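Subject: Structure for you to look at

Hello,

Here is the structure I said I would pass on. Please open it beside this message.

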2 protein chains.
Amino acid sequence: MPLRPLVAALALCLALPALADQPAHTPTPSELLAKSKPSEWRRPDPQNLLQMQLPSGRVLIELAPDYAPQHAANIRTLVREHYFDGLAIIRVQDNFVTQWGDPNDDDSGDRSKLKPLGSARKTLPPEYTRATDPKLPWTPLPDGDVYAPQVGFSEGFPAARDPASGQTWLAHCYGMVGVARDVGPETGNGSSLYAVIGQAPRGLDRNLAIAGRVIEGMELLSGLPRGPAPMGFYKDAAQRVPIGSVRLAADLPEAQRARVEVLRTDSATFAALVEAKRNRRDDFYRNPAGKIDLCGIAIPARDLDRRGGH
Amino acid sequence: MPLRPLVAALALCLALPALADQPAHTPTPSELLAKSKPSEWRRPDPQNLLQMQLPSGRVLIELAPDYAPQHAANIRTLVREHYFDGLAIIRVQDNFVTQWGDPNDDDSGDRSKLKPLGSARKTLPPEYTRATDPKLPWTPLPDGDVYAPQVGFSEGFPAARDPASGQTWLAHCYGMVGVARDVGPETGNGSSLYAVIGQAPRGLDRNLAIAGRVIEGMELLSGLPRGPAPMGFYKDAAQRVPIGSVRLAADLPEAQRARVEVLRTDSATFAALVEAKRNRRDDFYRNPAGKIDLCGIAIPARDLDRRGGH
């Protein structure tokens with residue numbers, strides 16, 4: 001393949017030391033993951049792992065308590081009291097979000113029929129950003145960003161920060177799980193959650209709390225018929241996907257806990273994946289982008305109970 | 001609503017003159033579109049309008065002959081000879097693309113059973129970029145971009161350009177329709193097409209020809225179950241969505257032509273929509289992003305045969 005010498009030289013400057021002897025062929029994600037070390041993977045803390053059962057299969061969500069601690073705690077409370085069991089996916093808006101919770105919790109719903117929140121709190125402080133903490137991991141992405149002065153990864157989540165304000169926040173990338181709310185900034189409590197299913201709606205950053213990220217089963221949320229009503233709400237109960245149950249892995253017997261691992265975002269393999277995506281060069285790709293945007297990077301997870309599941 | 005004075009002042013600096021007297025409440029897209037003038041909308045040339053009939057409804061695609069003229073011409077030839085009729089959606093890969101064409105046109109297919117291309121060409125020059133032409137419309141987006149030196153809109157399509165190379169190209173944003181190909185850069189001929197259904201895979205820019213954009217019915221392509229095989233291919237014929245027909249609007253009697261309009265990307269209303277998305281401020285949004293990325297901007301279309309369809 002005719003690699004243009006200038007591009008190749010630039011790529012070497014940007015490449016990791018381990019990749020300096022890479023062939024002209026950029027390794028594929030599968031090749032990179034096959035060479036990863038066990039220590040580069042982590043099991044999410046079972047206290048942060050939600051297992052949502054849908055008729056079509058299982059969705060796993062990792063909570064981000066360092067970024068929305070009170071929301072994470074409230075969601076755990078809701079889950080422990082089986083709040084979500086029997087509720088539904090109430091809304092799928094194309095190129096935006098899939099949202100689940102109480103079907104009566106929208107403008108056309110009957111609010112007198114809302115499921116009680118039990119011992120969970122009804123309002124929470126708006127944990128949209130947090131003070132930047134040098135003790136939290138931060139793997140910068142040097143490619144720039146339209147929305148924030150700095151972007152990178154922290155604890156397995158795409159994030160942004162602003163040195164001027166001293167604040168860090170999680171970014172609304174594909175698969176991120178946010179906390180729906182009403183107009184008031186304290187009205188989000190975790191009883192209604194959404195996952196991003198389209199182009200990253202980064203304008204939501206710093207306006208909503210992000211509770212975590214879908215690490216398995218995203219396609220069960222994104223591959224649904226879009227709702228016909230405004231904002232993608234389903235008009236009829238029959239259109240909604242029912243939620244069988246949502247459980248915290250920590251509350252399940254070991255045999256029922258998802259055995260899932262997420263690639264550490266501060267690992268060498270993750271850095272190599274980012275570089276391979278930034279400068280993909282093989283017989284197919286003739287013009288490496290040279291850049292990669294924050295939300296263009298998938299964070300791999302693997303299910304130890306499935307073969308080859310990345 | 002407590003608008004922070006500094007942000008409000010900055011916003012006014014960035015705002016269009018027509019918006020300088022805007023209220024603290026950012027107009028919604030619906031409000032802006034309701035005030036648009038008829039002259040701000042255009043009917044796509046029927047020579048550039050594809051009408052694809054699926055069991056679930058109609059998908060409309062506008063071709064971009066100024067950016068991929070030979071591909072547009074070849075696709076018209078394929079369509080006129082009813083090449084796509086009876087073929088199928090063969091692949092839906094989550095957060096990437098939905099692809100349609102001949103089910104035998106993949107690695108596991110039986111290539112001896114490929115549908116003949118008729119009088120269409122089997123190979124085409126790689127129209128991945130084109131020389132920047134000052135005669136083509138260009139509405140710049142000043143917000144910056146991770147991938148390209150300049151981005152903006154041209155003839156209703158999101159685009160990027162590089163003054164250094166003198167090249168312009170269409171960008172792989174949500175809903176853009178690209179031409180699948182094999183490894184060789186001239187192997188794309190329009191017989192297999194894909195639509196972007198997730199985070200914009202901008203790394204494909206300048207590596208594949210973009211033929212156009214879905215202007216109606218995108219949810220019929222994006223809201224499909226993801227294929228279970230690698231790269232989202234469907235394993236079984238029964239999983240594939242069959243294509244009833246694809247027709248060029250110009251070839252249809254007037255009564256069957258889609259009556260659809262697209263908002264001009266060089267109109268004042270489009271500029272106001274971009275600004276409203278960049279700096280949304282109302283009772284819900286407390287922290288306007290101040291920026292909007294190229295692929296975060298939806299280009300409105302309206303179907304004159306449907307009520308209120310944006």
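Below is what came out of going through the chain, the contact between the copies and the salt bridges.

First, a caution: this is a predicted model, and the values below are computed from it.

The single chain

Chain A contains 5 helices and 17 strands. Its C-alpha atoms occupy a box of roughly 70 × 45 × 40 Å along the principal axes.

How the copies are arranged

Chain A can be superposed on chain B by a rotation of 180° with 0.0 Å of shift along the axis, at an RMSD of 0.0 Å. The two copies are therefore related as by a two-fold rotation axis. Of the interface residues of chain A, 100% are also interface residues in chain B, so the copies meet through the same surface.

The interface

On the chain A side, 41 residues are in contact with 41 residues of chain B. The size of an interface is often given as the accessible area lost when the parts come together. Between chain A and chain B that buried area is about 3400 Å², with carbon and sulfur atoms giving 52% of it. Within chain A, the residues that lose the most area to chain B are A:Val146, A:Gln199 and A:Phe284, which together account for 21% of what that side buries.

By residue type, the side of chain A that touches chain B is made up of 18 nonpolar, 10 polar and 13 charged residues. What does the rule find across the interface in the way of salt bridges? It finds 0 between chain A and chain B. Polar contacts do occur there: 22 residue pairs, both residues at pLDDT 80 or more, are in polar contact across the interface.

Salt bridges elsewhere

Over all chains, the search of the whole structure gives 40 salt bridges. One to look at is the pair A:Glu216 and A:Arg58, whose side chains meet at 3.2 Å, N to O. This pair links distant parts of the chain, with A:Glu216 in strand 13 (residues 210–216) and A:Arg58 in strand 3 (residues 57–63), 158 residues apart.

Regards

Terms used: Residues numbered from 1 in each chain as written. Chains lettered and ligands numbered in written order. Heavy atoms only, no water. Contact = heavy atoms within 4.5 Å. Buried area = accessible area lost by both parts, 1.4 Å probe. Salt bridge = Lys/Arg side-chain N within 4 Å of Asp/Glu carboxyl O. Polar contact = N/O pair within 3.5 Å; in protein donor to acceptor, adjacent residues only side chain to side chain. Nonpolar A, V, L, I, M, F, W, Y, C, P; charged D, E, K, R; others polar. Least-squares fit on C-alpha atoms with pLDDT ≥ 70 in both. Helix = DSSP H or I, 4+ residues; strand = E, 2+ residues; numbered from the N terminus.
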